[in-house]
Amino acid sequence: PSDGKGFTFTGAWTDQTGSEYVNETNTWANQGASFTLKFSGTKVYLVGTKDPNHGKATIRIDDGEPIQVDTHADERSTGQI
């Protein structure tokens with residue numbers, strides 16, 4: 001389903017709210033879920049949480065090569081770019 005902001009989510013995603021998140025919202029998923037973001041411009045930032053229980057995310061922009069972003073950290077930290 002689309003969120004009305006350009007994101008289309010596939011798989012099981014969980015919404016969260018809290019003052020520790022950017023704009024007080026957060027959405028997370030386990031392995032196998034994905035999302036597509038359609039936007040016009042030259043730059044986009046992925047802002048999220050690094051955590052001891054997190055792993056790697058694969059990101060591809062347009063038809064470029066996929067890259068992996070490691071979201072694992074020894075301590076939980078929100079608002080990471």
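**View A. Q68 is an exposed residue, its relative accessible area being 52%.** The model shown is predicted: local features require a pLDDT of at least 70 and side-chain atom pairs are counted only at pLDDT 80 or more, whereas totals for chains, interfaces and linings use all residues. Residues are numbered from 1 along each chain as its sequence is written, and side-chain values use heavy atoms, with hydrogens and water left out. Relative accessible area is classed as buried under 20%, exposed over 50% and partly exposed in between, with a 1.4 Å probe and protein chains only. Q68 belongs to strand β7, residues 67–70. Strands (E, at least two residues) and helices (H or I, at least four) are DSSP runs, numbered from the N terminus. The C-alpha atom of Q68 is separated by 4.4 Å from that of T58, a residue 10 places away along the chain. When residues up to four places away in sequence are not counted, Q68 touches K56, A57 and T58; contact here denotes heavy atoms within 4.5 Å.

**View B. F7, F9, W13 and F35 make up one aromatic cluster.** The structure contains five aromatic pairs. The ring centres of F7 and F9 are 5.9 Å apart and the planes meet at 15°, so this pair is stacked. F9 also pairs with W13 in an edge-to-face arrangement, with 5.1 Å from centre to centre and 65° between the planes. Rings of Phe, Tyr and Trp (the six-membered ring of Trp) pair if their centres lie within 6.5 Å; planes under 30 degrees apart count as stacked, over 60 as edge-to-face and the rest as tilted. F9 is buried at a relative accessible area of 17%. F7 is partly exposed at 26%, and W13 is partly exposed at 25%.

**View C. D51 forms a salt bridge with R76.** The closest N and O atoms of D51 and R76 are 2.9 Å apart, and the structure holds one salt bridge (a side-chain nitrogen of Lys or Arg within 4 Å of a carboxyl oxygen of Asp or Glu). The pair links distant parts of the chain, 25 residues apart: D51 is in the loop between β5 and β6, and R76 is in the loop between β7 and β8. D51 is buried, with a relative accessible area of 7%, whereas R76 is partly exposed at 45%. A polar atom of the D51 side chain also lies 2.8 Å from the backbone nitrogen of N53. Not counting residues up to four places away in sequence, D51 touches T71, H72, A73 and R76.

**View D. D74 is found in the loop between β7 and β8.** Strand β8 covers residues 77–80. D74 is exposed, with a relative accessible area of 72%. The C-alpha atoms of D74 and H54 are separated by 9.9 Å, and the two residues are 20 apart along the chain.

**View E. N26 is a buried residue of strand β3.** The strand comprises residues 25–29, and the relative accessibility of N26 is 15%. Apart from neighbours within four places in sequence, N26 is in contact with T14, D15, Q16 and Y21.

**View F. V22, Y45, V47 and I81 make a nonpolar surface patch of about 440 Å².** Patches are made of residues with over 30% relative accessible area and no salt bridge; nonpolar side chains (Val, Leu, Ile, Met, Phe, Trp, Tyr) are joined within 5 Å, and like charges within 9 Å. Accessible areas come from the Shrake-Rupley method with a 1.4 Å probe, and for residues only the protein chains shown count as cover. Y45 is located in the loop between β4 (34–37) and β5, and counts as exposed at 55% relative accessibility.

**View G. E24 and D62 each have a positive phi although neither is a glycine.** The phi of E24 is about 60°. E24 is placed in the loop between β2 (13–17) and β3 and counts as partly exposed at 48% relative accessibility. The phi of D62 is about 50°. D62 is placed in the loop between β6 and β7 and is exposed, with a relative accessible area of 71%.

Note on methods
A polar contact is a pair of N or O atoms within 3.5 Å; within protein, one must be able to donate a hydrogen and the other to accept it, and residues adjacent in sequence count only if both atoms are side-chain atoms.
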